[in-house]
Each structure stands twice: as C-alpha cells, then as structure tokens.
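Trainee: I am new to this structure, and I would like to take a close look at one part of it, the surroundings of the ligand. Please set that part in its context as you go.

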Amino acid sequence: MIEVRNLTRRFRRGSETVTALDDVSLDIIPGELTVAAGPSGSGKTTLLSIIAGYERADAGTATTANGEPTGQLGWVDLGFVPQSLTLLDELTIAENVDLPDRLNPGTRGGSGQSGSAGLAPDGDPDRPPVVQLMEQLEIGHLADRLPSQVSGGEQQRAAIGRALRLAPAILIGDEPTGHQDRGRVDLVLNILRQHAYAGHVVLISSHDEAVISIADRVITLADGRLVADERSRAGTVPGR
Ligand SMILES: Nc1ncnc2c1ncn2[C@@H]1O[C@H](COP(=O)(O)OP(=O)(O)OP(=O)(O)O)[C@@H](O)[C@H]1O
C-alpha cells in the first residue's frame with residue numbers, strides 16, 4: 001500500500017511558479033492495476049517520480065503503510081520505469097534487466113539457467129527468472145545487444161523487465177506502454193496486471209484510452225490536482 005498525503009510540488013520557471021502537484025492525497029492499494037490519467041502537464045510524472053524517489057516534494061509525504069518513505073525504497077521493494085528509461089548504455093539488455101539483482105546479491109532472484117550473457121543461476125521461486133522474464137517481454141533474442149542497438153520499444157520493455165526483476169511489492173511505471181505498438185501494449189499490460197493480481201501495488205501513468213479502459217482504477221489529475229478516482233467495477237477487481 002502507498003499512502004500519499006498532501007503532496008505538493010512547485011517548480012520555478014523564471015519569475016513564474018508552476019504548481020505541478022497541488023495537495024494530492026490518496027491510498028494506492030495492492031491487487032489492482034491503477035492508472036494515473038490526465039492531460040499533458042497535469043502532474044502525472046511529478047506524482048510518480050516523487051513516489052519513486054526521483055523527485056522531491058515541497059510538502060506532503062508518500063509512504064508505505066509502515067510509514068517508510070517510498071522514495072527511500074530500493075529495487076527489492078520498488079521497481080520504477082521512468083519515462084527516460086535510464087538504461088545503462090555500456091551494459092547489454094540482459095545485464096540491464098538483471099541490474100537490480102546484481103546490486104542486491106543477497107536477494108538474488110531465480111534464474112534457473114544461465115543466459116547467453118552469462119547471468120548467474122539463482123533460485124528464489126517467487127521471482128521471475130531473468131531469461132523467462134525477457135522472453136515474456138519479447139526481448140529474449142536481444143540479450144547480448146546494447147541499448148543503442150535495439151528499438152525504443154525494446155528498450156522500454158527492458159526497463160520494464162528491470163523494474164520487475166526482483167518482483168517488488170511496488171511497481172511504478174511512467175507511460176510504460178508509450179513506445180509500444182498495439183500488440184505490445186497488450187503484452188505489457190498483461191504482465192503488469194499479472195504482477196498486480198499477484199498482490200502487488202502497480203501504478204502506471206498513461207494517455208492511452210486502451211490502457212485507461214482496462215485499468216481497475218483510474219485516478220485523474222488536472223492542473224496538479226486529483227479530480228477523479230474511479231474503479232472499473234465497484235469493489236471488484238476483474239480477472240482475479
Ligand atoms: N523541472 C521542471 N521545471 C519546471 N516545470 C516543470 C518541471 N517538471 C515539470 N514541470 C511542470 O509541472 C507540470 C506537471 O508536469 P508533469 O511532467 O508532472 O506532467 P505530466 O502530466 O506527466 O505530463 P505529460 O503527460 O506530458 O508527461 C507541467 O506544467 C510541467 O511543465
């Protein structure tokens with residue numbers, strides 16, 4: 001669960017002050033796919049970036065139910081797909097997907113087999129094996145390529161794989177389908193929904209009606225304010 005309380009973020013642009021987020025409060029619960037919608041400039045990226053710890057708030061908090069600031073959580077607990085992807089150019093696609101595991105060797109996720117990039121075998125059954133994860137995301141054949149040698153959509157799916165690598169309790173994705181074709185939008189959404197329905201918090205932003213229409217819950221921002229919060233069917237989560 002993420003508890004957002006009175007989050008406010010202002011940016012200075014010359015003599016002007018832009019209020020990107022204006023006193024936003026909500027709880028984001030596990031077990032459903034939550035989509036943050038709203039027009040360009042409404043504050044979606046700012047909200048997700050503060051929750052993920054990529055941006056600071058001027059006021060308010062985003063914490064877990066235990067009161068821990070979500071921005072301080074590592075890959076083990078919170079996976080983030082930023083709009084800019086932030087893949088490391090010098091690492092292969094497989095190494096990028098496996099990065100959270102390499103940075104958290106005490107929590108190694110289950111691989112079951114060594115990938116072509118020489119990824120170490122490991123054994124936690126709750127975590128997606130890296131090779132299987134890449135195949136699910138249809139980037140298995142790109143394991144040994146550098147990010148600069150694959151398409152934008154493939155890079156984005158690698159960033160999604162990296163975020164899912166340690167099966168974190170919280171997954172945040174800023175327009176994680178933004179570079180995908182129609183078929184791959186469905187592929188990515190199915191994977192994100194599976195993660196949500198396994199009991200995790202999944203919050204993504206999107207402009208795409210196809211994404212918004214399959215969300216279990218849609219929170220809508222306008223001018224930095226939360227203006228709507230709707231569930232697809234009251235009290236039920238489809239597909240569970
Ligand atoms: N670093 C910054 N400096 C100044 N203004 C900013 C900065 N980041 C965001 N803003 C402004 O804050 C507001 C909210 O931006 P944000 O990126 O959160 O919107 P968004 O809903 O994610 O937009 P989009 O859908 O286009 O990605 C906008 O008016 C934007 O111009």
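How many helices and strands are there in the protein chain, and which residues surround the ligand?

Mentor: This is a predicted model, in which local features need pLDDT of at least 70 and side-chain atom pairs count only at pLDDT 80 or more, while totals for chains, interfaces and linings use all residues. Residues are numbered from 1 along each chain as its sequence is written.

The protein chain has 7 helices and 9 strands, where helices (H or I, at least four residues) and strands (E, at least two) are DSSP runs numbered from the N terminus. Of the 240 residues in the protein chain, 44% are buried, a residue being buried if 20 or more other C-beta atoms, placed from the backbone, lie within 10 Å of its own.

Turning to the ligand, the residues around it are Phe11, Arg13, Val18, Ala20, Gly38, Ser40, Gly41, Ser42, Gly43, Lys44, Thr45 and Thr46; a residue is placed in this shell if its C-beta atom, placed from the backbone, lies within 6 Å of the ligand. By class, the shell has 3 nonpolar, 7 polar and 2 charged residues, with Ala, Val, Leu, Ile, Met, Phe, Trp, Tyr, Cys and Pro counted as nonpolar, Asp, Glu, Lys and Arg as charged, and the others, Gly among them, as polar. Strand E1 (2-13), strand E2 (16-28) and helix H1 (44-52) each supply at least two residues of this shell, and the largest share, 3 residues, comes from H1.

These elements also belong together in another way, as E1 and E2 are part of an open sheet of 3 strands in the order E2-E1-E4, with antiparallel pairing, where two strands pair if DSSP finds at least two bridges between them. The edge strands, each pairing on one side only, are E2 and strand E4 (59-64), and the twist from one strand to the next averages 25°. Between E1 and E4 the antiparallel pairing extends over 5 bridges, and valine 4 stands opposite alanine 62 in E4. Helix H1 lies across E1, E2 and E4 and runs at about 120° to E1, with axes taken as lines fitted to C-alpha atoms, for helices over the stretch in contact, and angles running from 0 to 180 degrees between N-to-C directions; contact between two residues requires that their C-beta atoms, placed from the backbone, lie within 7 Å.

Conventions: Buried ≥ 20, exposed ≤ 12 C-beta atoms within 10 Å, placed from the backbone.
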